[in-house]
Amino acid sequence: MNIGIDVMGGDYAPGAIIEGAVDTLKKISSGETLVLLGNEPVILTKLEEMQVNPDAFRIIHTSQVIEMGDHPAKTYSQKKESSISVGYQMLKNGTLDGFCSAGNTGAMLVGASYTVNVIPGVLRPALATILPCIDGRDSVILDVGLNPDCKPDVLLQYGILGSLFAKFVLRIENPTVGLLNIGAEETKGTAAVKSAYELMKEFPAINFAGNIEGNILFTDTMTDVVVCDGFVGNIVLKQAEAIYSLLKKRNITDSFIDRFNFENTGGTPIVGINANVVIGHGISQRKAIMNMILQTRNVVRANLAQKIIEAI
């Protein structure tokens, strides 16, 4: 297994990316190789400072960088020797099994759509992330920002994609699916959400549990999969980050609260494309980068992209 890491992407690149990759070495198995994509002299200098043998990695030199403020589509096509562009090309030709970056999110999404492409039959890919439950479970919520306005058939398909993620990545048999709404009644919500409810109710391939309200999130009754459009999902994600930050400022912490820390999840998989790709937070530092890489490894191990291809 070859996991590609964009060394040049992120607010704290390249130092924090290399540090996180070094920490990951202790947690991967034999047969799993970390591939560092970036400026090779910079990578070698940092590894020497850390007293780490560069032979622990495979290093691919790239001569260009897509900066955080660059225009995604234009820059992706112009900077073909950037770490993001090269990473996607290696994914496409099979040299990499998974690829992750904390760099320019727009460029990562452009690469996903135009280099490895959307899986035929997938209406809209989604960003999926983990939500912690008070009973120790993990649930998955999608979409969390890729598609702010979704039609009913897209929401139905998110239920399918989320179920596959829960089954193969989170190892949950027959995962329950909830549609995030303003009420539990099937007559509540926008026209799109009400129509999606009807589609999900009649779709036998998902274990639909009905509408769920926001006060069910993070509790022991939260479904294994939470479906919503990217507008709502991104608000949920940012609100969870804000709550964690406020609790930390008040010195309130325990093992459950710590699970809200984005550093412990590391990254957000793009679900519905022909490859295993994880996007990290731009402010990721050492710990978050390590967990972004491990999240990528878990998605590759689950063979998620292939499972979706077979199911759609």
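**Cysteines and overall fold**

Visitor: How many disulfides does the count come to here?
Guide: The count comes to zero disulfides, and it should be kept in mind that this is a predicted model.

Visitor: OK, what about Cys-150, which cysteine sulfur is nearest?
Guide: The nearest cysteine sulfur to Cys-150 is that of Cys-228, at 8.4 Å; because a disulfide requires sulfur atoms within 2.5 Å, Cys-150 is in no disulfide.

Visitor: And is Cys-150 buried or exposed?
Guide: Cys-150 is buried, since its relative accessible area is 5%, and Cys-100 also counts as buried, with a relative accessibility of 0%.

Visitor: Switching topic: how many residues of the protein count as buried?
Guide: Of the 312 residues, 53% count as buried, while the accessible surface comes to about 13,600 Å², with 51% of that area belonging to carbon and sulfur atoms.

Visitor: What radius of gyration does the protein have?
Guide: The value is 19 Å, which agrees with the radius near 20 Å that a compact globule of 312 residues would have; along the principal axes, the C-alpha trace spans about 60 × 45 × 35 Å.

Visitor: What does the secondary structure come to?
Guide: There are 11 helices and 11 strands, and among contacts between residues at least 6 apart in sequence, 70% join residues at least 24 apart.

Visitor: Last one, on charges: how many positive and negative side chains are there?
Guide: The protein has 26 positive and 32 negative side chains, and the centres of these two sets lie 1 Å apart.

Technical notes
Residues numbered from 1 in each chain as written. Predicted model: local features only at pLDDT ≥ 70, side-chain atom pairs only at ≥ 80, totals over all residues. Heavy atoms only, no water. Helix = DSSP H or I, 4+ residues; strand = E, 2+ residues; numbered from the N terminus. Rg over C-alpha atoms; globule rule 2.2 N^0.38 Å. Buried < 20%, exposed > 50% of the residue type's maximum accessible area, 1.4 Å probe, protein only. Contact = heavy atoms within 4.5 Å. Areas by Shrake-Rupley, 256 points an atom, 1.4 Å probe, with all protein chains shown as cover. Lys, Arg positive; Asp, Glu negative; His and termini not counted. Charge placed at Lys NZ, Arg CZ, Asp CG, Glu CD.
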